[in-house]
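Me: I have just opened a structure that I have never looked at before. Could you walk me through it?

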Amino acid sequence: MDRRHFLRWIGKGILGTSGFWLCARGVAWGKSAFEYALEGQNLIAAKRLAEARDVLKEAVRLDPKSDWAHGLLGRAYYGLGQRAEAVAAFREAVRINSADTYSRMMIEIITQKPIPKPKKPRRSLTPLEKKARAEEEAMLSQLTPEGGLAYRVKRVVIDPGHGGFDSGAVGPTGLKEKDVTLDLAQSVRRKISEEGSIKCFLTRTGDYYIPLSDRTVIANQYQADLFVSIHINANENRKAHGCETYYCSEKASSKEAARVAAFENAVLKYDEPFKKRPGYIDIEEILFNFERRLYWEESGKFARTFQNRFEQALPFKSRGVHSANFFVLRRAKMPSILLETGFISNHDEEAALKKASIRDEIVAAVIRGLLNGRG
Amino acid sequence: MDVDDLIFQGADYHYKGELDKAIAKFQAAVRIEPQNEYAHNQLGILYAKKERFDAAFREFQKVAQIDGHNTYALLWLGILYLKQGNLNQGFEKFQRIIEIDPSNADAYYFLGAIYNFRHNTTKAIKYLKKARDADSDESDTHYRLAQAFHNLDMTTNALLEYQRTLALKPSHTKAINGIGWLYYNRGERDAAIAEWKKTLKMNPRDRDAIFNLAKAYNDLAWEAMKRNKPKEAISYWKKTLGVDPKNKAAVHYLKKYGA
């Protein structure tokens, strides 16, 4: 709305409220807030805006609860080009009377474009704020600012699949998935810690069972940037062999991926979609969905990176990258992938997985995948 | 009818939630005055509320063409780009706003959030601090800043920002859950559990709090077992089932150790 329109509004405002003048609050001894406001309104109509502002300031001083006076003061400020003050006055009017459409509309009109912000008075720091400032000065001085929008990996949670009473798949000669995954995960942590640029945490460090929900909770606990779940595949068909990588997506990339996900997702689904409120735009929901989408995209990239490393380094056939809706991956608040490093149900691959040299190659491929994806 | 009357009536209908009537008024207003930025912006918001996001996008684009300094329209274009999953275009819009208005808290917020999503924490902190300093009354700004500090193990700052979040919005359960992890990771388990219980009092179906508590009780149970205190362990596994009745670990170990 331009100034020409604004002044026309003012004219309407005066006419629109004229009836109110006659039946308004009683006039006290001396000049009341109401009288000041009325005078301010007339001054606005006469385009004597600076005088109107001063008179209306007096009106709101005498009656801080008058939305009418605050609204008029907003108009005076706006007419004088004092847009920040105008917004503050209109906001006060709306705070007092939420049904004040005009003031609400004026706030929206003015704040469409930048307004100078009023300076805030300084106050002394609380003990926690002082401690926080010291921590910030100490920490941030050590960090190198990083530009760009590439995804950064500085903390990774490695999840050795299964454990405890849940041995996972068992090979023809008795090799247990839970033992292989734990050994691989511990080696990855040891070696990545030696490398030094990525912090590594494990979901389990011994032979005990952790439910699926706890595994992603641990990833969230450590604010991980990447969650890698290590598994060994199995199939009733003993001939099935090779390694593959999964990541989370809404739809499974194949029937087989859907089957694997269904097998892994033997848990209650707690996920509740955001409740839609009609006529309301939920910015945080938009950000939540955007974040999840980014993580899924990023998971796909990590999955391809890891699978490429496997293809290059392992004596196993590459079965490619697949996506499915895995519970263990879906609840992670970061990109997450699930590695199936060979088929324990296959005689040859079970034998290979027993060898320290093959395990070293798997660990080396995982580490190269991590370092490659660190951003 | 006069364009100002149409706009006022449209705004009034909008505030009252009568979206279709508001749209009709603003549509009439822009037919009379096609350059009216406010009317186009209102149409954009109204279309977005009706989930007509393409139409909303077109309205905000019109405003940006009329005046490239209309930061409100630019902000919504950025948000709608994020809704489409278009990171770079969204990012570009928010950066443009900062060039026009270096004190725009909303644009800093979205830039900080984007850097948080990329786990570029130092940048996220930089922008979220600017958002906080420009407008300290937004609970989500404090929450996302707390997350960024938390990610860098700056636990005092994380706690301070979580607390600021809760001062503005006491029902911000994600902040309560975050405080729980700060306590948990420094060994104050009882304090952590108390925080997650607070969340469950507010929302008994909060999945994060349920799973956090279940994990904490399972950890405590295992520690009790290691100390050779099976009775204590059993009491913790029972607590696990109290919050997460199908927790497979607790179900199994309670059976095994004879509850």
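Predicted model: local features only at pLDDT ≥ 70, side-chain atom pairs only at ≥ 80, totals over all residues.

Me: Let's start with chain A, then. How many helices and strands does chain A have?
Reply: Chain A has 14 helices and six strands, and of its 375 residues, 42% count as buried.

Me: And what share of the contacts in chain A join residues at least 24 apart?
Reply: If you take the contacts in chain A between residues at least 6 apart in sequence, 72% of them join residues at least 24 apart.

Me: OK, now the two chains together. How many residues does the contact take from chain A and from chain B?
Reply: The contact takes 52 residues from chain A and 57 residues from chain B. On the side of chain A that touches chain B, the elements giving two or more residues are α1 (3-22), α6 (101-110), α7 (127-140), α9 (212-221) and α11 of chain A.

Me: Which of those gives the most?
Reply: That is α11(A), which gives eight residues to the side of chain A that touches chain B. Sorted by class, that side of chain A has 28 nonpolar, eight polar and 16 charged residues.

Me: How many residues of α9(B) are buried?
Reply: Twelve of the 13 residues of α9(B) are buried, so the helix is mostly covered. Among the buried residues are B:His142, B:Tyr143, B:Arg144, B:Phe149 and B:His150.

Me: What span should that helix have, and what do its ends say?
Reply: At 1.5 Å a residue, the 13 residues of α9(B), residues 139-151, should span 18 Å, and the end C-alpha atoms are 18 Å apart, which agrees with that expectation. Just after α9(B), B:Asp153 takes a positive phi of about 60°.

Me: Switching to α5 in chain B, is it enclosed or open?
Reply: Helix α5(B) is largely enclosed by the rest of the structure, because 13 of its 14 residues are buried. Its 14 residues, 71-84, should span 20 Å at 1.5 Å a residue, and the end C-alpha atoms are 20 Å apart, in agreement. Just after α5(B), B:Gly85 takes a positive phi of about 85°.

Me: How do α5(B) and α6(B) cross?
Reply: The axes of α5(B) and α6(B), the latter being residues 87-100, come within 7 Å and cross at roughly 160°. The two helices are therefore roughly antiparallel to each other, and their crossing is left-handed.

Me: Which residues meet there?
Reply: On the α5(B) side they include B:Leu74, B:Leu75, B:Gly78 and B:Tyr81, while the α6(B) side includes B:Gly90, B:Phe94, B:Ile97 and B:Ile100. By class, this contact has eight nonpolar, four polar and two charged residues.

Me: What about α11(B) and α13(B), at what angle do they pack?
Reply: Helices α11(B) and α13(B), the latter being residues 207-226, pack at an angle of about 15°, with their axes 10 Å apart. That angle makes α11(B) roughly parallel to α13(B), and the crossing is left-handed. In α11(B), B:Thr173, B:Asn177, B:Gly180 and B:Tyr184 meet B:Asp208, B:Ala209, B:Asn212 and B:Ala216 in α13(B), a contact that has three nonpolar, four polar and one charged residues.

Me: New topic: A:Gln223 has a positive phi, so where is it placed?
Reply: A:Gln223 has a positive phi of about 50° although it is not a glycine, and its place is in the loop between α9 and β3 (226-233) of chain A. A:Gln223 counts as buried because 23 other C-beta atoms lie within 10 Å, and the cut-off for buried is 20 or more.

Me: And B:Asn228, buried or exposed?
Reply: B:Asn228 counts as exposed, because it has 8 C-beta neighbours inside 10 Å. B:Asn228 lies in the loop between α13 and α14 (230-243) of chain B, and it has a positive phi of about 60° although it is not a glycine.

Me: Last one, where does B:Val251 lie?
Reply: B:Val251 lies in helix α15 of chain B, residues 248-256, and with 17 C-beta neighbours inside 10 Å it counts as partly exposed.

Conventions:
Residues numbered from 1 in each chain as written. Chains lettered and ligands numbered in written order. Helix = DSSP H or I, 4+ residues; strand = E, 2+ residues; numbered from the N terminus. Expected span 1.5 Å × (residues − 1). Axes fitted to C-alpha atoms, helices over the stretch in contact; angles between N-to-C directions. Parallel < 35°, antiparallel > 145°, perpendicular 65-115°, else oblique. Left-handed = near helix turned anticlockwise from the far one by under 90°. Contact = placed C-beta atoms within 7 Å. Nonpolar A, V, L, I, M, F, W, Y, C, P; charged D, E, K, R; others polar.
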